[in-house]
Each structure stands twice: as C-alpha cells, then as structure tokens.
Amino acid sequence: MDPMEDDTEQQQPQQQQQQRQQDMDLNGEPYSRCLSSYVDEGSTESHRYYLSRRTLLEMLRDRGYSVPAAEIEMSLQDFRSIHGQTPDIERLRISASRRSDSLDKILVIFCGPGIVKVNVIRIIGTMIGNKDSLSRLILVVQNRVTNQAMKAMDLFSFKVEVFQITELLVNITKHALKPKHRVLTDEEKKKLLKKFSLEEKQLPRMLQKDAISRYYGLEKGQVVKVTYSGDITESHVTYRCVW
C-alpha cells in the first residue's frame, strides 16, 4: 500500500472530527441555524406582491367583505407556486361582496411599476365589467399618479381609493402599539351621542386621510371606537369622528 494513501485515510476521520467541533459551541452544543439560512431566496417582486395582497385581503375582511380564509392564510411558498417569481398583476385582482349585502361589491386592481397616467385609468375603466354593481375600486400603484389620472378617477360612478404598494407591506392594525379600532354602526353612533348629550362635531376628530381611516375606508361622519390597553397605561376607551 502506498504510504501516502495510508496517511490520507488517517487524515479524513481527523478532519471530520475537527469539522464537528467547529459546528459546536464551547459547551459542546450544536450552533443554531445561521441567519443566512432564514433569508428569502425568492424574488423581491413576488414577496412584495404576496405581502400587499395579504394585507388587502385582511383589509377587505375587516371592512365586512366576504374573503376566503384560505386566501388570507396562504403561505409565501404556495403563492409563488401559483403566481411564480414574477407574478402577472392581472391574476392578482381581488373581487369581493359585502357580507351584509351581496350587491355591494368591491374590486382591487394592481397597477404596474410605471407612472399611472390618464390612459392607464381609461384602460382600467374599459376592463371593468358590470360597473353599475361596483361600489368601490382600490388601485394599488407602485409609482406616482398624475393629476390628470386622478381627475379621470373622479369620473367613475364608484369611489376609487389609491394605495402605494409600500403602504400595504405591513398591516398597521396588527402593530403591537396600535390601539384597537372598531367602526360603529349608525345606530351605535346615535346611542353614543344621545348617551353623552353630544353633537357630532364635539367628538375628537380623525382625519379621513389618517392611515386607520384609509384602512377601513371610512367616510366623513363615521365614528370609531378606540380602545387603549397596555402595561404602562390603564385601559381606556375614546371615540373619534372622521372629518
């Protein structure tokens, strides 16, 4: 036998032992997974679409629309298996009906990465069927919207809301420091004002462009019950009227 081969065979078990030692801490315990192993190796584009679409589904559910739980709970991996690493924005559309009124419908459309000009809005208008049955349209954009495009939206018979995709990567209502918000019904609002002998204008205000107001799609005059709770401050409730 070649003495060089004999030396090589003896070195292999030693190298394996050294490698096992390097994979352990000072207490002989194996190291935890490297942080790099948690890094998403898929495309940023598909991840952004996945997160924003999930937030939109949660938003519609919280507004009272019928949304399948399976859609909200879909994993990133399942999303990519369906839509791929470069999703087709046409397939990301969401259509839903309000639970209390099936005729009250909302549509969500994703726009491409380019500037949203008036011709884009006109194309979207021609693509929407049954406009009479639509009460709201949410446009998710990834660039600026021109003034002419905004004016074109005002010509629609239904309300149009515009969100930047970056605003939807995280559901703001799930933030640990955010108080709980609940939109009052018209009847609950009347009882509240009567109970405290108040007029609507005497309630604390919430601007319609506030992030929470936009999340729930609130209109002027609607009232929100805000519940604060935490370890530092005692739990308390306040009400805000949208202006």
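Two strands count as paired here if DSSP finds at least two bridges between them. With that in hand, here are the legends for a predicted model.

**Figure 1. The whole chain, before we zoom in.** The protein chain has eight helices and eight strands. Of its 243 residues, 33% are buried. Among contacts with a separation of 6 or more, 65% are made by residues 24 or more positions apart. The accessible surface amounts to about 16,000 Å², and carbon and sulfur atoms hold 50% of that area.

**Figure 2. Strands β7 and β8 side by side.** Here we take a closer look at residues 223-228 of β7 and residues 236-242 of β8. The two strands run antiparallel, and six bridges join them. To find your bearings, look for K225, which has Y239 of β8 opposite.

**Figure 3. An edge-to-face aromatic pair, Y49 and F110.** A pair of aromatic rings is described by the distance of the centres and the angle of the planes. The whole structure contains four aromatic pairs, and one of them is made by Y49 and F110. Their centres are 5.9 Å apart, with 80° between the planes. In the chain, 61 residues separate the two partners: Y49 belongs to helix α2 (residues 44-63), whereas F110 is in strand β2 (residues 101-110). Are these two residues buried or exposed? Both Y49 and F110 are buried.

**Figure 4. A stacked aromatic pair, F156 and F158.** Why is the pair of F156 and F158 called stacked? The ring centres lie 5.0 Å apart and the planes meet at 15°, and planes under 30 degrees apart count as stacked. F156 has 18% relative accessibility and counts as buried, because the cut-off for that label is under 20%. F158 is buried as well, at a relative accessible area of 4%.

**Figure 5. Two arginines over aromatic rings.** Two close-ups share this panel. In one, R98 places its charged end over the ring of Y65, at 4.4 Å from the ring centre. In the other, the charged end of R205 lies over the ring of W243, with 3.9 Å to the centre of that ring.

Definitions and conventions
Residues numbered from 1 in each chain as written. Predicted model: local features only at pLDDT ≥ 70, side-chain atom pairs only at ≥ 80, totals over all residues. Heavy atoms only, no water. Helix = DSSP H or I, 4+ residues; strand = E, 2+ residues; numbered from the N terminus. Buried < 20%, exposed > 50% of the residue type's maximum accessible area, 1.4 Å probe, protein only. Contact = heavy atoms within 4.5 Å. Areas by Shrake-Rupley, 256 points an atom, 1.4 Å probe, with all protein chains shown as cover. Phe/Tyr/Trp six-rings, centres within 6.5 Å; stacked < 30°, edge-to-face > 60°. Lys NZ or Arg CZ within 6 Å of the ring centre and 35° of its normal.
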